[in-house]
Amino acid sequence: MATAAVSAKGIKLGVRLTASSDPLWFKEVKSVPEVGTSPDKIDATSLDSDVKESIKDIPYFSGDLDFVMNAQPYKASVASNDESNLNLIRSLGKNSTYTWVIVYPKLNLMCEIIGEWTWKMGAGAPSSVMEATVSIIPKSRPIWTKLTATYDVIYDVNTGTGTAPTDSNSPYTGGTEVTTLGPGSISKEGYTFSGWNTMADGKGASYDESDTFVIVENTTLYAQWTKDL
């Protein structure tokens with residue numbers, strides 16, 4: 001399916017590496033799949049009447065879904081995939097199937113769809129940023145969730161000491177982009193603060209100070225500590 005010249009402002013694309021993992025979010029999505037008016041092209045059974053009124057603004061999911069985004073330079077030394085779209089793209093398995101997450105903040109909707117994927121680089125030009133196109137080949141009917149709720153962001157010192165930072169903007173409306181805070185005054189003897197993670201053991205999604213993520217549920221960010229040498 002070709003992408004239409006529609007505004008992608010606010011629309012978020014993410015991918016779950018496993019069915020239960022937190023999404024990793026692509027940066028600066030610039031173009032999204034064309035929009036349509038046929039409700040029979042998507043699974044609308046779980047949508048209430050208000051959402052169905054907005055169904056003309058929801059992309060068809062009967063064909064490939066193309067998302068065009070800035071292709072920030074690949075950084076082989078960067079530990080966190082979310083530093084670059086190319087880092088994230090190259091961390092995904094070729095010919096693999098993932099759960100893809102698409103958030104439409106203006107519609108207060110989130111969609112999850114299972115699908116294979118491909119990608120390609122755009123031609124680019126000396127005067128413009130290189131672009132990448134990620135194409136999703138749907139293998140399931142979409143599951144829609146209405147994001148009318150607000151969600152809290154809580155910071156946890158996670159075996160450290162001191163008072164965890166407090167996000168004055170929390171709670172957030174679902175689909176809002178959250179910017180992570182710094183460690184403030186927290187510390188741990190013999191350790192250095194090394195960022196935040198959605199799981200205390202560090203096996204969730206990792207964030208450094210001033211990273212961003214899209215909030216779709218109540219989120220606790222646990223301090224991560226690296227032992228001093």
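Which residues does threonine 133 touch, not counting residues up to four places away in sequence? In this predicted model, threonine 133 touches Asp66, Phe67, Val68, Thr118, Trp119 and Lys120. Threonine 133 has its place in strand S7, which covers residues 131-138. The relative accessibility of threonine 133 is 13%. Because buried means under 20% relative accessible area, threonine 133 counts as buried.

**Nonpolar cores**

The largest nonpolar core holds 28 residues. Leu13, Val15, Phe26, Phe67 and Trp100 are those with the most contacts inside this core. Two or more residues each come from strand S1 (12-16), strand S4 (65-70), helix H2 (85-91), S5, S6 and S7. Leucine 13 touches, among others, Leu24, Trp25, Phe26 and Val29. The contacts of leucine 13 also include Phe67, Met69, Trp100, Val101, Ile102 and Ile136, again not counting residues up to four places away in sequence. A second, separate core has 23 residues, among them Met110, Leu147, Val153 and Val157.

**Aromatic pairs**

A pair of aromatic rings is described by the distance of the centres and the angle of the planes. The structure holds seven aromatic pairs, and two of them are set out here.

| Pair | Distance of centres | Angle of planes | Class |
|---|---|---|---|
| Tryptophan 100 and tryptophan 117 | 6.3 Å | 50 degrees | tilted |
| Tyrosine 104 and tryptophan 144 | 6.0 Å | 35 degrees | tilted |

Tryptophan 100 lies in strand S5 (residues 97-104) and tryptophan 117 in strand S6 (residues 109-121), so this pair ties together parts that are 17 residues apart in sequence. Tryptophan 100 and tryptophan 117 are both buried.

The pair of tyrosine 104 and tryptophan 144 links distant parts of the chain, 40 residues apart. Tyrosine 104 is in strand S5, and tryptophan 144 is in strand S8 (residues 143-146). Tyrosine 104 has a relative accessible area of 6% and is buried. Tryptophan 144, at 5% relative accessibility, counts as buried.

**Other aromatic features**

One aromatic cluster is formed by Tyr155, Phe193, Trp196 and Trp225. Elsewhere, the charged end of lysine 188 sits over the ring of tyrosine 191, at 4.3 Å from the ring centre.

Note on methods: Residues are numbered from 1 along each chain as its sequence is written. This is a predicted model: local features need pLDDT of at least 70, side-chain atom pairs count only at pLDDT 80 or more; totals for chains, interfaces and linings use all residues. Side-chain values use heavy atoms; hydrogens and water are left out. Helices (H or I, at least four residues) and strands (E, at least two) are DSSP runs, numbered from the N terminus. Buried means under 20% relative accessible area, exposed over 50%, partly exposed in between (1.4 Å probe, protein chains only). Contact means heavy atoms within 4.5 Å. Rings of Phe, Tyr and Trp (its six-membered ring) pair if their centres lie within 6.5 Å; planes under 30 degrees apart count as stacked, over 60 as edge-to-face and the rest as tilted. A charge sits over a ring if NZ of Lys or CZ of Arg is within 6 Å of the ring centre and within 35 degrees of the ring normal. A nonpolar core is a set of buried Ala, Val, Leu, Ile, Met, Phe, Trp, Tyr and Cys residues joined through side-chain atoms within 4.5 Å.
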